[in-house]
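Hi,

Here is the structure I promised to pass on. Have a look, and my notes on what turned up follow below.

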Amino acid sequence: MNTVKIAIIGGGPAGLAAAIGAREAGEDSILVLERDRLSGGILNQCIHNGFGLHTFKEELTGPEYAQRFIDRAEELKIPCRLNTMVMDISAAGDGSSDKIVTYLNREEGLVQLRAEAVVLAMGCRERPRGALNIPGFRPAGIYTAGTAQRLVNIEGFMPGKRVVILGSGDIGLIMARRMTLEGAKVLAVAELMPYSGGLKRNIVQCLDDFGIPLKLSHTVVDIEGKERVQAVTIAQVDEHSTPIPGTEERYECDTLLLSCGLLPENELTSALGADISPVTRGPEVNESLETSVPGVFACGNVLHVHDLVDFVSQEAELAGRNAARFVRGEIPKTEIPDIRVTAENGVRYTVPEIINTDRLEDTLTLRFRVGAVYKDIYESVYLNDRRILHKKKKIFSPGEMETIVLKKSAILEVPDLKTITVKLEEE
């Protein structure tokens, strides 16, 4: 059986950054497994700009951003097996914490690989129509926004000419602009929630600048057409997301794009037995980005859906460094109980969910999202009952991820620490 110190599942921005982080931390035995024919992941089809402002201090397209990491991985001679699908990850079964990674490709066939540590970096997928309970037939012309993006930007195929978009996630907003630039007419973007799920800059640059209406608190209630979409009816919804009779609007169109949320690719994670967060749908992790399964780390959109790829890269490099520390036995084993990080008062979740002061480095980075739009409100952090952070912000939006950095020294000042709480407060 082949062996490797660190196996990284996924060769997108998270997997590449994790591999670079592990190599720069001194680990030589690394293998990246990528199911696509190219590394770089979803960024290969994201030809718009806006990437890299945090990481490289310049504005790049998705492929340009990915190429920076591809080039660095090649410089470091990190091997990446393309067209390789990971089928299973399981415990070695000999009392060690090693994992058996089973993968499949055309050249090698079905292979089992023994790894001392595994980094999960499989990314996320779009929520399909079947999960949305939209009435109507199943005609041609219904695509997820990501599929349409790949068709237009990589395959050179135009999905349609008259378009309605359901959901205002970032991919849907970007595709509203992309379809318009390619000559299509985007009639409307309907959003079930009373706020957009995308970044404010994308609403302005992709909708407002092109005169595309954004209809908040609206959803699709009917799709006409048997062979091909002929028309779509949207209606306003009440506070319970129930369509309001009499508010229906019918749009004659040939295409419906769905941008109704992203879900972490967690099948391998679940099969491995890692604890899954009911909010993010990704694994719960500690301050080292290690899951509940020892030696298995997670980063990027397989952990929780990010708004900016720059944060994916930062997080993944940390996961890679910690995987290298794990295989060298440098992550301390401790008898001190773990501390739970809880989210309250408008904060939907935090990552990480668990920390241990013995394993903490000099700082702890907490990332979180809110559950609604909040204006002129404070973000607060409590260690037990002691408030150590109270910072006012003009606006919090579900489409934007927030970051808090805490010093280890401040955490250690609180005796008998049991809980860390992140919440929003009005004063």
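Ala-145, Gly-146, Ala-148, Gln-149, Val-152 and Asn-153 on the α3 side meet Ile-171, Gly-172, Ile-174, Met-175, Arg-178 and Met-179 on the α4 side, where contact means heavy atoms within 4.5 Å. By class, that contact has seven nonpolar, four polar and one charged residues. For the classes, Ala, Val, Leu, Ile, Met, Phe, Trp, Tyr, Cys and Pro count as nonpolar, Asp, Glu, Lys and Arg as charged, and the others, Gly among them, as polar.

Before going on, the ground rules: this is a predicted model, with local features needing pLDDT of at least 70 and side-chain atom pairs counting only at pLDDT 80 or more, while totals for chains, interfaces and linings use all residues. Residues are numbered from 1 along each chain as its sequence is written, and side-chain values use heavy atoms, with hydrogens and water left out. Helices (H or I, at least four residues) and strands (E, at least two) are DSSP runs, numbered from the N terminus.

Back to the helix pair. The axes of α3 and α4 come within 9 Å and cross at roughly 35 degrees; axes are lines fitted to C-alpha atoms, for helices over the stretch in contact, with angles running from 0 to 180 degrees between N-to-C directions. The crossing is left-handed, meaning the near helix is turned anticlockwise from the far one by less than a right angle.

As for α4 itself, the helix covers residues 170–181, twelve in number, and spans 17 Å from its first C-alpha to its last, close to the 16 Å expected (1.5 Å times one less than its number of residues). Nine of those twelve residues are buried, so α4 is largely enclosed by the rest of the structure. Buried is under 20% relative accessible area, exposed over 50%, and partly exposed in between (1.4 Å probe, protein chains only). Among the buried ones are Asp-170, Arg-177 and Arg-178. What do the buried residues of α4 pack against? Their partners are α3 (145–155), β11 (162–166), β12 (185–191), α5 (200–207) and β17 (255–258). Just after α4, Gly-183 has a positive phi of about 105 degrees.

Two sit in the loop between α6 and β19: Ser-288 and Thr-291. Ser-288 is buried at 2% relative accessible area, and its side chain makes a polar contact with the side chain of Glu-287 at 3.4 Å. A polar contact is a pair of N or O atoms within 3.5 Å; within protein, one must be able to donate a hydrogen and the other to accept it, and residues adjacent in sequence count only if both atoms are side-chain atoms. Not counting residues up to four places away in sequence, Ser-288 touches Phe-297, Asn-322 and Ile-331. Thr-291 is buried too, at 6%; its C-alpha is separated by 9.8 Å from that of Val-119, 172 residues apart along the chain.

Thr-102 belongs to strand β7 (residues 99–105). Is Thr-102 buried or exposed? Buried, with 11% relative accessibility. Its contacts beyond four places in sequence include Met-85, Asp-88 and Gln-112.

Thr-3, in strand β1 (residues 2–9), is exposed at 59%. Leaving aside neighbours within four places in sequence, Thr-3 is in contact with Leu-113 and Arg-114.

Cheers
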